[in-house]
Amino acid sequence: MKKGAKYLTSVLLIFIFPLIVMGQGREAGNYDYDKEVFFGINKNSIGGLIGGLYLKLGSRITENTFQFFSLELANVKNPKEARYSTYLGNSFIYGKSNYLYSIRPQYGRELILYSKAPQKGVQVSVLTAIGPSLGIIAPYYIEYAASSSESSRAQYDPDIHQSMNYIMGPGRLFEGLGESDFALGANAKAALTFEFGLFKSNVSGLELGYELEGFTKEIVLMPTTENKQIFQSVYFTLFYGFRK
């Protein structure tokens with residue numbers, strides 16, 4: 001655990017240095033826009049079909065530099081997770097005992113590498129961001145056939161639910177959420193953004209990047225396989241927003 005914490009600290013320092021450098025520059029002047037708000041949907045290498053949701057609030061500090069506050073809500077999966085179908089047509093993840101939902105407030109800086117004209121072209125930027133993480137560890141419930149005439153719903157336990165053939169499907173939506181545990185951590189990311197838009201006040205685009213996140217303890221998502229306290233992923237986020 002100490003080794004993981006030292007590794008996370010080293011990587012965070014790598015991300016912090018560009019933020020400091022990018023913050024040095026001329027004061028903001030009279031530009032076409034000084035504020036921006038973006039909403040996005042995320043897909044990443046350790047998430048589901050939709051990896052998470054994204055909100056970003058930015059403000060200009062120099063001609064080519066923005067600062068921003070963002071909030072990410074992400075679903076984090078174990079790479080070994082796989083879905084199976086039951087004879088009833090339901091699908092479930094065999095061996096999974098917990099969900100991990102990560103809440104990531106972030107502060108970052110964005111440097112515009114190439115600006116576009118108000119109604120044409122592509123704007124290219126580079127950004128880095130860091131922040132704390134709150135992990136919500138929610139139990140993964142399954143419905144299990146205790147006999148030929150009755151079934152029960154419970155969090156998956158490899159010592160009890162030993163046969164996949166007796167699993168009838170997953171539990172109810174959000175079942176067990178009130179039994180969640182929590183983990184504190186930190187996150188950092190670096191990315192390139194490509195912005196498009198026919199109007200200077202409305203923007204759509206794509207963010208491509210790498211994200212690193214670590215928690216103060218190991219998160220047991222699947223008890224029968226390797227679990228981690230540090231997660232890394234590549235991601236893309238489709239976003240839409242407004243400027244003024």
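Predicted model: local features only at pLDDT ≥ 70, side-chain atom pairs only at ≥ 80, totals over all residues.

Entry 1: I found a nonpolar surface patch of about 1,000 Å², made by Phe-39, Ile-41, Leu-49, Ile-50, Leu-53, Leu-55, Leu-57, Leu-71, Leu-73, Tyr-240 and Phe-242. Next I asked which elements give two or more residues to the nonpolar patch. They are strand S1 (35-44), strand S2 (52-60), strand S3 (65-76) and strand S13 (228-243). S2 gives the most, with three residues.

Is Ile-41 buried or partly exposed? I get a relative accessible area of 45% for Ile-41, so it counts as partly exposed.

**Entry 2: overall layout.** I stepped back to see the whole fold. I count one helix and 13 strands in the protein. Reading from the N terminus, I get α-β-β-β-β-β-β-β-β-β-β-β-β-β. Of the 244 residues in the protein, 43% are buried.

**Entry 3: the largest cavity.** Now for the inside. The largest cavity holds about 60 Å³ of space. Its lining is made of Asn-42, Asn-44, Ile-46, Glu-72, Ala-74, Asn-75, Val-76, Arg-104, Glu-211, Ser-233 and Tyr-235. S1, S3 and S13 are the elements that give two or more residues to this lining. S3 gives the most here, with four residues. I also sorted the lining of the largest cavity by class: four nonpolar, four polar and three charged residues.

**Entry 4: the second largest cavity.** I put the volume of this one at about 40 Å³. Which residues line the second largest cavity? I noted Asn-42, Gly-52, Leu-53, Tyr-54, Glu-72, Leu-73, Ala-74, Arg-104 and Thr-237. The elements that give two or more residues to this lining are S2 and S3. By class, I have four nonpolar, three polar and two charged residues around the second largest cavity.

I then compared the lists. Asn-42, Glu-72, Ala-74 and Arg-104 line the largest cavity and also turn up in the lining of the second largest cavity. Leu-53 and Leu-73 belong to the nonpolar patch, and both are in the lining of the second largest cavity too.

**Entry 5: the largest pocket.** On to the open spaces. The largest pocket has a volume of about 510 Å³. I count 22 residues in its lining, and those nearest its centre are Asn-75, Arg-83, Tyr-99, Tyr-101 and Tyr-140. Strand S6 (98-114) and strand S7 (123-139) are the elements that give two or more residues to the pocket lining. How does the lining of the largest pocket divide by class? I get 13 nonpolar, three polar and six charged residues. I also made a note on Asn-75, which is in the pocket lining and in the lining of the largest cavity as well.

Entry 6: Last, I went to Gly-209, which is in strand S12 (residues 202-219). Its relative accessible area is 14%, so I logged Gly-209 as buried; the cut-off for buried is under 20%. From there I checked the separation to Ser-233, one of the residues that line the largest cavity. Gly-209 and Ser-233 are 24 residues apart in sequence, and I get 8.5 Å between them in space, C-alpha to C-alpha.

How values were computed: Residues numbered from 1 in each chain as written. Heavy atoms only, no water. Patch = residues over 30% accessible without salt bridge, like charges linked within 9 Å, V, L, I, M, F, W, Y side chains within 5 Å. Areas by Shrake-Rupley, 256 points an atom, 1.4 Å probe, with all protein chains shown as cover. Salt bridge = Lys/Arg side-chain N within 4 Å of Asp/Glu carboxyl O. Buried < 20%, exposed > 50% of the residue type's maximum accessible area, 1.4 Å probe, protein only. 1 Å grid on protein atoms, 1.4 Å probe; cavity = no way out; pocket = protein on both sides within 12 Å on 5 of 7 lines; lining within 4 Å. Points joined across faces, edges and corners; volume = space filled by probe spheres on them. Nonpolar A, V, L, I, M, F, W, Y, C, P; charged D, E, K, R; others polar.
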